[in-house]
Each structure stands twice: as structure tokens, then as C-alpha cells.
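Please walk through the structure shown below.

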Amino acid sequence: MQDKLNRIEDGGSKFFMNVVSAAGLGLFVYAVFEVVTGGVSLEWILLGLVTTLVVGRTIIAIPKTESTVTLDDTFIYVSVLLYGVWPSVVLAGVNAVLCSLRYPNRKRVAPFNAGAMSLSVFISSSLVTYVFGGPHELASDSGRLVLGAESLALLHYLLNSGMVSIVSALRNRRSLAATWRESFLWTGMSYFAGAVAACLIVKLITVISFYAFIVAVPILATTFLMYRNYLEKVQASIRHVDEMTDLHLRTIEALAIAIDAKDEVTHDHVHRVQIYAIGLARQFGLSDAEIEALKAGALLHDIGKLAVPDYILNKPDKLTVAEFDKMKVHTIVGAEILTRVAFPYPVVPVVRHHHERWDGRGYPDGLRGDEIPITARILSVVDCFDAVREDRQYRKAMTREQAIDLIKSSSGTMYDPEVVRAFIEHLPQFEGEIKRQKKEVKAAKSKGQSSGALALQKKDSGQVVFEHIRNAHREVITLYEIAQTIGMSLDLRDMFAVFSSRLQNIVSYTTCVLYLHKPNSIDVEAVHVAGRYAERLKGASLILGSGISGWVVANRQPMYNCDPRLDLNAAQIKIDVPYRAVIAVPLLKGNDVLGALTLYSAELSAYEPDHLRLVEAVAKLAADAIANALHHEETEADALTDSVTGLANSRALRRRFEQEAARARGAGESFALLMMDLDYFKRVNDTMGHPAGNDALRQVGELLSRHIRSNDFLSRYAGDEYVALLPNIGPLEVRELVGRLQHALDNRKFGVNESSAPIGISVGWACFGPDGESIDELLLAADRAMYADKLRRKSPGSISEDALQQQPNDYRVM
């Protein structure tokens, strides 16, 4: 929790920190006095050492927040429940100081952390003691113990997170509720889970002895590691989403730069406006959706200038009334274009209203004051400030001071006074951010350059200009649609289907092929094909370096207008109507080559250089999305596979169960769930070691796979348990299968030479429908049947009546 504050704050946050530090440290000193004068318990010292030296070093970062989760709160709760208020205040304060030592500004952070923890533990533990009684009363009554512990966790959670949130809110000038929700809402569950664990530890100590709490340490450690592993996977997924979002934004940048290319003097204007706008949005506490809208709007607010002739955009003299009316059209045109894109956040109002005036004399709708969206008010200020600081053909650039005076003089007439005030106040901060991002902006800009228009078809001379403009519009919209499509999909097949259809709108082809280089291989395979001869080409394999596409992958260079038969001959494929032209572009992700995007045409005699540049631009966008899709496929496969046996894991089991359940409900059928548990498996691990145990698990999985049908589903559920789903099978067939499985394992030894050992298997099963319709219900029924089978196998004929009564259907006891 104290990990939040890792730099020196000032102003209100500094004052609040000083107050908390002074009050908390004073309380901590008094607590130390009470503990020393009252006598120190050896058990409490041992608990403190475990908490501060071992448990306090276990940290999990919560994804997308600055917060962390540790196990030390659990042991602080144990201290409160066993030793009362003052020893717990001391323990909390010492632990907070030690946790702060890893920060470079530890001298500033440590007093606040110790003070906040001391205050939080003192107030929460005092209230719990007052309401529920002291350690003796709590330990003697389990109900009171649980209520007290959970109340303690709730109070501690609210107090501690509240104090840290106040500092963060003051520092960032944000809402306290929003700060707490974003940073600490996730952590609440860990407090209550820690309270439950503390109750269990206290009960262990009460029933057995103090040293029994040591038994809980590895249990908590195991739970902690599992939770950390889960959050790491969540973090990986979030990182993947962030990468796709970054791809989305870089695509927008590419489009914006293409639009600004019509006005060459505004080289970095789009990027600076974006930084100004996002910075102001955060100062005003706008929502995430509004900030995303500003990110896109700051980049695309001038997209409507595609409808404005270049001579008006670059006219050195003052515009006429008619010319200015034509210039006004760009806000409406831009809004209409972006309406068709269907952004998931409100971009259109930003683009449409960024030329409205505070006094109502703007365009296109004449909105006044707060009627103008706050995002448009922000964009109008920052766009003007940056635009007037650049040279234009009709005027010279203003200095920084002149630009500031200009927007000040227009405050209250053209611009929202509050926006102007906030912008000028934070301008140095924004300018520092621009300098810091200068290299990144240049890199993004170099990647985002868009190609020119395609070659025009033969038309009447009077229609050439209009056809050229339509092609330019089509390219911009299609490029964005492609980027939006591939950026939102993780399924490679679906992504290619939509992507290839969009590509057809701007580059004509007969067949579009996605070649991918197989890992650890010299083969380049046509994994997805669109257009004519798709069935013939799909799955075709080229040797790396052979043919056109194989050469492109091997050399990482594009090639076009070679003989398309080079690819067909290398893949040993014949087609009816020969191709006449080809473009092959490598798909590069960093230093890795993923494959090639190849277009074949039977209609065009040759592709133009503009076609090549456009396909290269598209390939750069596609490479990131394809890499993400391939990574997702690998991650998905790993997430559904047991690493020891290679079988499906419990996650895959639950997914397959839902599919089988839906099929069974629709067809009015049933299926069986078979649960199998290995007997005497511990003997293998104990005598031959865990590697031999893992090998035995693999052998068991292979043996079970050979005895079930091809349409059955087998998984390793957990430990030495396997679960199978058996569709369309009757009770007699299940009994026969179980008999075969048990016979096969009973007559098989696992291990090597003299170290081999026998393993048996206990089996229980349940039917979808009679025993339940959820996987948990069927697992419970099968587990009870398996337990009875285990008793029968250990002591044939001696299953007790009570054991049998535990079975939901005793005919399933094998």
C-alpha cells in the first residue's frame, strides 16, 4: 500500500503528509513505550521477525494501478487478534519503515508510511477491541473472531487507502473518489482474504500452539504465488491490449500526417496539439473516453481539409468571404467522415465543434459557452496557440509570448476563460513533455508516412481532378478501417478475411496471399488466401529464398512486377488463367520477419510504384497485428494445455464442458463425466523423485488416451486426477471402459528397472442431467463415486453404509 508515494510532493499534499507523519510517529513512539514497559513476548517478537523480514518482502503489483498487495497485513491482523493494539501498532510501523527503504526518497516516504500505518492500525484495532473485546474474548468465540477480523480489515483498508488517496489526489489535483477507485478498489479483496487467513492462523495457535502458525506460512506462500501468477497473466493480457491500442493510435497518426502533408509547413503541428490537448484534459479530470476522443480528435481535427482546395489552404493573401465559407466546410466534412468510422469514443463532436466560439459567433453550429463540448473548447485553444507559432504564407510565426497574449486577449470571446487559464498555467509542463517526446514523435512519424494516391483509371479529362480527390478520400478511410479492423481482432483468420476485403478497395488483385515463415524451419507457408484459386494456394509451401515470396522473406526486401510463375513453380501449383503482375512485401516486426503479403493480378499488366508504397504502408500496420495474433494463438494454446502431460488442463475442460452441455441441451441428449484419481502415486514421488512422478503422469495420460474414443475429451484436472468427457455413451459402456482402464493400470508398473512401482486408479462418474447440469455439480457427484470406488479397491466388500449414502447415484460406484 505504501508503494504509492515514491517521490517528494509539495503544497497541500506535503502538509497532509507532515500532519499524518507527526501524528502517526507520535503514536508509534507511545506504542513502543507501552510494549517495552508492559513486557515483550518472545512469540510476538518471532511473529514480528517473520512479518518484517520475510512476509513484508512479498509484493504483487496490481495491473493498471500504482498499488501493490502483500501478505504483511495478514500477520498484522494476527498480532491484533492475539496481542492487542499497542504491539500491533509497533509491528505495523516497523514493517512500513522497512518496506520504504527500497525507495530512493526513503527519507521522505518512510515517515509518512510509518505514520499512516500506525494511525490506521491503531484506530481500526481500537474500534474492534471496543466493539468485540480483547484477544481473549476473540480467541474464545469463533463467530466473534471472524466478525472482528473482517471489521478490522474493512477499517484498516478504508483508513490506509484513504490517507494515501488524499495525498495522490492533492498531488495530481484529481477527485478523491476517482483516485481511490482507480488505485485501491482492486486491493480490497486482499484485505478481506488476509483477515480470513488471520482467523485460521489464530485458531491454529489457539488449538495447537503458537508455533503452529509456521504451518500457515507455506500455505499462504503457495496462495500468494498462485495469485501473483494470475496477476502476471492479467498484466500480460493488459499489455497486449495496450499494444493494440498503441497500434490504433499510430494508425491515426499516420492518417493525420497524411492529411497535414497538404500543408507542408505544419510539420509537427499535429503531435504538439495532441500533447497540449491530452495534458489539459487530465488537468480538467476528463473521463477516459473523453481523453481518448481528444487523442484522436487532436490528430484528426483537420481531416475535413481534404475537401478544401490547396490554393485556399496556402493562399498568401487574406481569404475572401467565399473562400472562408469554403474553409468552414472542413469541420462538417471531417465530422461526416469520422461518423462512418464509428469510433468507440466521442471524436465527432471534437472535430465538428473545434471552431465554435465562447461568445456564440463560431461555426458550424453557433454554439455558445458551455454548450460547446469541453473537448472542443480545449482543442480550439491549443490548436490556435500552436498554429500561430508557425510560419504561414499569409503571415509570419508569432513568438511564444505573442501567442500567449493572443489567446489571453481572446479569452471570454473566442475561448473558454478557464481553459485559457489552465493552459497558460501548465504550459511549461506541456512544453517539457514535447521535448521529452520529440524523438518518439519523429520515430512514430517516420513509421506513419502514408503513400500517395493510386494511378487513376482512364476517364474523360474533365473528371480527372474529381476522381483524384475521391481516390484520396478512399485511401484515407480505407487505411483507417484496415487499421481499426486488424487492431481489434486477435483471430488471424477473421482478421485476414476483413483485411483482405478492405485492401481490395484501394489495390486491385486477383489473389491475396498471407505467407508466414514457420518457426525453426526453412518453409514459408500460405496460411491464408483470399480471391481466385484460394483453395489451390492455401497450404502451399515455399522453401525460404525460392520464388518471389520466398526471396522477399529471406531478404526482407519488397519485390514487384516479376514473373508470378516463379512462386507457382516453386510451390508446384498450376492455375487455369495465369497471373500477369505481382507485389510481395515482407512483414517485419522489429528484427523478426513474420512472412510476406503477396498480391497477384491476372487483370493488371503491371503494378505501379504507388501501389507498392501503399501495400508497404499497409504491411507495416498488418505486421504488428499479425504478430499480436500469432502471440495470442501461442498464449491461448499454452493456457489450455497441461505442461507436464501435454493433455488439456482444467481451464480447457471447463470450456469443452460448456460446449458439450450446449450440444446436449440442444439435442436432448446426455454425456458422462469420468473422474479418475491415481492410487499410490505418492509412493512414486517419494521413492523415485518428482521427475519420475512427472514421467509417470505422462505415461498414464498416454495410456488413458489409448483406451478412450477419438471423440472423447481427456484432461489432467489437478495433481494426479484426470477427468474425461464421454458424449453419447450408456452406463454399461462406461462400466466396461472403467474396467479396461483399471485393468490396464493395475497391470502396469511405472519407473525404471528396480525402481518401478505399481499405480492403481479409482474411478467415479456422473451423467449430465440426472446428476446436474453444471460442471461443478457433475465433478462433485463423480468425486463422491470415485471416493467410494477407492474404498472398495482398498477393502473389497467393506464399503460402509455411510460411504454409500454419500453417493448421489450408488449404481455409479464402480
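Pro-364 sits in the loop that joins helix H15 (348-353) to helix H16 (374-387); helices (H or I, at least four residues) and strands (E, at least two) are DSSP runs, numbered from the N terminus. The peptide bond that leads from Tyr-363 into Pro-364 is cis, and its omega is near 10 degrees. The model is a predicted one, in which local features need pLDDT of at least 70 and side-chain atom pairs count only at pLDDT 80 or more, while totals for chains, interfaces and linings use all residues. Residues are numbered from 1 along each chain as its sequence is written, and side-chain values use heavy atoms, with hydrogens and water left out.

Most peptide bonds are trans, and most residues other than glycine have a negative phi. Two residues have backbone angles of note here. Tyr-533, in the loop between strand S4 (523-531) and helix H22 (534-537), has a positive phi near 65 degrees without being a glycine. Tyr-533 counts as buried because its relative accessibility is 12%; buried means under 20% relative accessible area, exposed means over 50%, and partly exposed lies in between (1.4 Å probe, protein chains only). Arg-556 is likewise not a glycine and has a positive phi of about 60 degrees. Its place is the loop between helix H23 (547-555) and strand S6 (559-560), and with a relative accessibility of 36% Arg-556 counts as partly exposed.

Taken as a whole, the protein has 31 helices and 14 strands. Of its 814 residues, 50% are buried. Among contacts (heavy atoms within 4.5 Å) with a separation of 6 or more, 67% join residues 24 or more positions apart. The protein exposes about 38,200 Å², of which carbon and sulfur atoms supply 56%; accessible areas come from the Shrake-Rupley method with a 1.4 Å probe, and for residues only the protein chains shown count as cover.

The packing of helices can be followed from H7. Helix H7 (residues 142-172) and helix H9 (residues 188-207) have axes that come within 9 Å and cross at roughly 145 degrees. Axes are lines fitted to C-alpha atoms, for helices over the stretch in contact, and angles run from 0 to 180 degrees between N-to-C directions. Residues making this contact include Leu-145, Ala-149, Ala-153 and Tyr-157 of H7, and Tyr-191, Phe-192, Ala-195 and Cys-199 of H9. Helix H8 (residues 176-184) has Ala-178, Thr-179, Ser-183 and Phe-184 as its buried residues, and these pack against H7 and H9.

Ser-165 also belongs to helix H7. With a relative accessibility of 0%, Ser-165 counts as buried. Leaving aside neighbours within four places in sequence, Ser-165 is in contact with Leu-176, Thr-179, Trp-180 and Phe-184. Its C-alpha atom is separated by 9.4 Å from that of Ser-175, ten residues apart along the chain.

Val-618 is part of helix H25 (residues 609-639) and, at 1% relative accessibility, counts as buried.

The structure holds 29 salt bridges, each a side-chain nitrogen of Lys or Arg within 4 Å of a carboxyl oxygen of Asp or Glu. One of them joins the side chains of Lys-295 and Glu-292 at 3.3 Å, N to O. Both residues lie in helix H12 (residues 288-300), three residues apart, about one turn of the helix. Lys-295 is buried, since its relative accessible area is 15%.

Another salt bridge pairs Glu-669 with Arg-663, with the closest N and O atoms 2.8 Å apart. Glu-669 is partly exposed at a relative accessible area of 35%, and Arg-663 is partly exposed at 30%. Both take part in a network of salt bridges that links Arg-656, Glu-660, Arg-663 and Glu-669.

Arg-665 forms a salt bridge with Glu-773, the closest N and O atoms lying 3.6 Å apart. This pair links distant parts of the chain, 108 residues apart: Arg-665 is in helix H26 (residues 650-667), and Glu-773 is in the loop between strand S14 (760-767) and helix H30 (775-794). Arg-665 is partly exposed, with a relative accessible area of 44%, and Glu-773 counts as partly exposed at 43% relative accessibility.
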